[in-house]
Amino acid sequence: MIKMRNKKVKIDLRPKIKIQVDNRTVITVRSIEAYKAWKERYPDAVLIE
């Protein structure tokens with residue numbers, strides 16, 4: 001009998017940060033550095049969560 005290996009499930013424990021770039025675009029990032037990069041491109045970006 002041949003046994004197949006199961007893939008390990010990776011759980012990402014980093015916090016999810018939601019950013020509203022404009023009135024209909026919401027972006028989810030995983031770090032404050034990513035938020036700062038989006039904030040440079042879109043100065044009106046707002047943290048939602």
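Guide: Of the 49 residues of the protein, 14% count as buried. This is a predicted model, in which local features need pLDDT of at least 70, side-chain atom pairs count only at pLDDT 80 or more, and totals for chains, interfaces and linings use all residues. Residues are numbered from 1 along each chain as its sequence is written, and side-chain values use heavy atoms, with hydrogens and water left out.

Visitor: What makes Ile11 exposed, rather than buried?

Guide: Buried means under 20% relative accessible area, exposed over 50%, and partly exposed in between, with a 1.4 Å probe and protein chains only. Ile11 has a relative accessible area of 68%, so Ile11 is exposed. Ile11 is found in the segment before strand 1 (17-22); strands are DSSP runs of E with at least two residues, helices are runs of H or I with at least four, and both are numbered from the N terminus.

Visitor: Why does Ile32 count as partly exposed?

Guide: The relative accessibility of Ile32 is 42%, so Ile32 counts as partly exposed. Ile32 has its place in helix 1 (residues 32-41). Between Ile32 and Lys16 there are 9.9 Å in space, C-alpha to C-alpha, and the two are 16 residues apart in sequence.

Visitor: How many aromatic pairs does a search of the whole structure find?

Guide: The search finds 1 aromatic pair. The rings are those of Trp38 and Tyr42.

Visitor: Why is the pair of Trp38 and Tyr42 called stacked?

Guide: Rings of Phe, Tyr and Trp (its six-membered ring) pair if their centres lie within 6.5 Å; planes under 30 degrees apart count as stacked, over 60 as edge-to-face and the rest as tilted. The centres of Trp38 and Tyr42 are 5.8 Å apart and the planes are at 20 degrees, so the pair is stacked. Trp38 counts as partly exposed at 24% relative accessibility, and Tyr42 is partly exposed at 38%.

Visitor: What sits over the ring of Trp38?

Guide: The charged end of Arg41 does, 4.9 Å from the ring centre. The term requires NZ of Lys or CZ of Arg within 6 Å of the ring centre and within 35 degrees of the ring normal.

Visitor: Which residues form the largest nonpolar core?

Guide: The 7 residues are Ile17, Ile19, Val21, Ile27, Val29, Tyr35 and Ala45. Strand 1 and strand 2 (25-29) each supply at least two residues of this core, and the largest share, 3 residues, comes from strand 1. Such a core is a set of buried Ala, Val, Leu, Ile, Met, Phe, Trp, Tyr and Cys residues joined through side-chain atoms within 4.5 Å.
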